[in-house]
Amino acid sequence: MLMPSLFGENLLDDFFDVPAFRGFAPSAKAPQNIMHTDVKEKESGFEIAMNLPGIKKENVQAELKDGYLTVTASTNTANDTKDEEGRYIRRERYSGSCSRSFYVGEQVTQEDIKARFEDGVLKIDIPKIEAKPIEEKKSYIAIEG
């Protein structure tokens, strides 16, 4: 059952919206613009541009299976703030992963797809490959007579 949100995104948002607590509000949230994707059709194929802000290249994986291209990204962040005596004033952690899948066709192979990661944007080039027509085979049954 869906319930209306009384407290916004976070139960403690209203609590930390007091001047004394500003700057200490929980901020270990997932990036809001992660995996926003643009798909551009070109003459030779398609270009996918996917925003992955704050994610390192080694935490991004692309897999081609059964005609589906799946991109998975994961992140682990920690934000520790201590006072002069080494006591924690704030300690936040965020860990998460997300993925998106695109049907690219079963004729596309792993070697056909080119990917590069630049400035937090994953760019993937997928060529257009014509589907091979299915040959209709006629099977005749011999009729004895």
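Visitor: In which strand does Thr75 lie?
Guide: Strands are DSSP runs of E with at least two residues, numbered from the N terminus. Thr75 belongs to strand β4. This is a predicted model, in which local features need pLDDT of at least 70, side-chain atom pairs count only at pLDDT 80 or more, and totals for chains, interfaces and linings use all residues. Residues are numbered from 1 along each chain as its sequence is written, and side-chain values use heavy atoms, with hydrogens and water left out.

Visitor: Is Thr75 buried or exposed?
Guide: Buried means under 20% relative accessible area, exposed over 50%, and partly exposed in between, with a 1.4 Å probe and protein chains only. Thr75 is buried, because its relative accessible area is 14%.

Visitor: Which residues is Thr75 in contact with, leaving aside neighbours within four places in sequence?
Guide: Contact means heavy atoms within 4.5 Å. For Thr75 the list is Gly54, Ile55, Tyr94, Ser95 and Gly96.

Visitor: What is the order of the strands in the open sheet?
Guide: Two strands pair if DSSP finds at least two bridges between them. Here the order is β3-β4-β5, and the pairing is antiparallel. The edge strands, β3 (60–65) and β5 (88–103), each pair on one side only. Between β3 and β4 (residues 68–82) there are six bridges.

Visitor: Where does Glu47 lie?
Guide: Glu47 is in strand β2 (residues 45–51). With a relative accessible area of 12%, Glu47 is buried.

How values were computed
Helix = DSSP H or I, 4+ residues; strand = E, 2+ residues; numbered from the N terminus.
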